Amino acid sequence: MTLQAIKYQNNILHILDQLLLPTVSQYIPIKDVNDGWNAINKMQVRGAPAIAIVGCLSLAVELYNKSFDSKNDLLEFITNKLNYLITSRPTAVNMKLATDDLISLGNELSKDSSVTVLDMKMSFIATIEKMLEKDITDNKAIGDYGSKDILSNVSSKGGICVLTHCNTGSLATAGYGTALGVIRSLNSENRLERVYCTETRPYNQGARLTAYELVHDNIPATLIVDSMVAALMSSKKISAVVVGADRVALNGDTANKIGTYQIAVVAKYHGVAFYVAAPFTSIDKNIPSGNKIVIEERSEKEMTYIGECRIAADGISCWNPAFDVTPAELITGIITERGVFKPKELEGQFKL
Ligand SMILES: CSC[C@@H](O)[C@@H](O)C(=O)COP(=O)(O)O
């Protein structure tokens, strides 16, 4: 059975509480946008695509039981709720792009006199529900394109070793995953000898979540500490690094989990291909380059404690940026549901 971070049926939404993983698997109900905002902000759900899907579904659940006097009231309601959801976490762009799409749908429907208030409400709900399905289809396409591209650049016909960072799998998406989707595809084609996953300090998405998914799916995997990446590349044959993205700028600069940038630098030094796997819903065509990306800074408690146990010296000050930006020049390819692009080819995709 595949892992499911998001369970949605008949307008009832539950999410797997990722703060409790890997020791406890517990689903919690999300009954409205406030619950959605809190779950995203506390990182009970995380990962750029999952943040947008849960945020939007929390709105769908709230909308379902509400009635509106006019289409203007409905549009104002969803605009306010969506703009609130965007404030839950600032770096991933997916929630913002979903907001723009839903508001422009609202503007279109409000002008159409054949559409009733109820039609408009149901149309929002149906559009949001489709996000779940589309994310899985997109991830499978990412997996196929990515595995083909990686394999086309290796001479061996046998299994290869890859490295990934953070969690980009079923827990970060509607299912299958982006970078982890590429790894799943390599594995299902019997071309994966081993995936190495980093612990991903300070929140440990790699040790807690990616390792959990890999063990659950019987994928050959080895956990390493973040500071072992250079040693790994100098002592083992790593064919590629595949990571996800929270926001890709138009020039290909990519914000992803803190530590991604240093892995890209080390990969360049060792001549290892470095791929970003991300759906178009993670590409921000309004940002020309990575220096315009807002980087979320999180509580120092994530660094100074493990659970309730303090591990850092009392009184030390901390800096805890949750993401960093990998410059486009370090990226071999951006794997999307429409194919694999060089960073400089990305802009052209928005002119088609
Ligand atoms: C498919 S998930 C891609 C990214 O969102 C992922 O790599 C990542 O950085 C997640 O960060 P997180 O802070 O856990 O939300």
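The centres of domain 1 and domain 2 are 26 Å apart, taken over C-alpha atoms. Domain 1 covers 6-135 and domain 2 covers 155-349; these bounds come from an automatic or database domain assignment. This is a predicted model: local features need pLDDT of at least 70, side-chain atom pairs count only at pLDDT 80 or more, and totals for chains, interfaces and linings use all residues. Residues are numbered from 1 along each chain as its sequence is written.

**Where the domains meet**

- The contact takes 21 residues from domain 1 and 24 residues from domain 2. Two residues are in contact if their C-beta atoms, placed from the backbone, lie within 7 Å.
- On the side of domain 1 that touches domain 2, the elements giving two or more residues are helix 2 (48-64), helix 4 (94-111) and helix 5 (117-152).
- Helix 2 gives the most to this side of domain 1, with five residues.
- By class, this side of domain 1 has 14 nonpolar, four polar and three charged residues. Ala, Val, Leu, Ile, Met, Phe, Trp, Tyr, Cys and Pro count as nonpolar, Asp, Glu, Lys and Arg as charged, and the others, Gly among them, as polar.

**Overall build**

- The protein has 11 helices and 16 strands. Helices (H or I, at least four residues) and strands (E, at least two) are DSSP runs, numbered from the N terminus.
- The radius of gyration of the protein is 20 Å, close to the 20 Å that the globule rule gives for 352 residues, so the protein is as compact as a globular protein of that length. This radius is taken over C-alpha atoms, and the globule rule is 2.2 Å times the number of residues to the power 0.38.
- Along the principal axes, the C-alpha atoms fill a box of roughly 65 × 55 × 40 Å.
- Of the 352 residues, 48% are buried. A residue is buried if 20 or more other C-beta atoms lie within 10 Å of its own, exposed if 12 or fewer, and partly exposed in between, with C-beta atoms placed from the backbone.
- Among contacts with a separation of 6 or more, 77% join residues 24 or more positions apart.

**The ligand and its shell**

- The ligand is surrounded by 17 residues, and the closest are R46, A48, A172, G244 and K257. A residue is near a molecule or strand if its C-beta atom, placed from the backbone, lies within 6 Å of it.
- Helix 2 and strand 9 (254-257) are the elements that give two or more residues to this shell.
- The shell has seven nonpolar, seven polar and three charged residues.
- Domain 1 and domain 2 both give residues to the shell, so the ligand lies between them.

**The annotated position D246**

- An unreviewed UniProt entry carries the annotation "active site" at D246. UniProt positions are given in the numbering used here, feature names are shortened, and annotations may be inferred rather than shown by experiment.
- D246 sits in the loop between strand 7 (240-243) and strand 8 (247-249).
- D246 counts as buried because it has 29 C-beta neighbours inside 10 Å.
- Leaving aside neighbours within four places in sequence, D246 is in contact with A48, T91, A92, A255, N256, S282 and F323.

**Backbone features to look for**

- L21 and P22 are joined by a cis peptide bond, with omega about 10°. P22 is in the loop between strand 2 (12-16) and strand 3 (27-30).
- R201 and P202 are also joined by a cis peptide bond, with omega about 5°. The loop that holds P202 runs between strand 5 (192-198) and helix 7 (205-216).
- C166 has a positive phi, near 65°, and is not a glycine. C166 lies in the loop between strand 4 (160-164) and helix 6 (179-188). With 28 other C-beta atoms within 10 Å, C166 is buried.
- N218 has a positive phi too, near 55°, again in a residue other than glycine. N218 lies in the loop between helix 7 and strand 6 (221-224). With 8 other C-beta atoms within 10 Å, N218 is exposed.

**I128 in helix 5**

- I128 is part of helix 5, and its 23 C-beta neighbours inside 10 Å make I128 buried.
- I128 and G55 are 73 residues apart in sequence, and their C-alpha atoms are 9.8 Å apart in space.
- Beyond neighbours within four places in sequence, I128 is in contact with C56, L57, L59 and A60.
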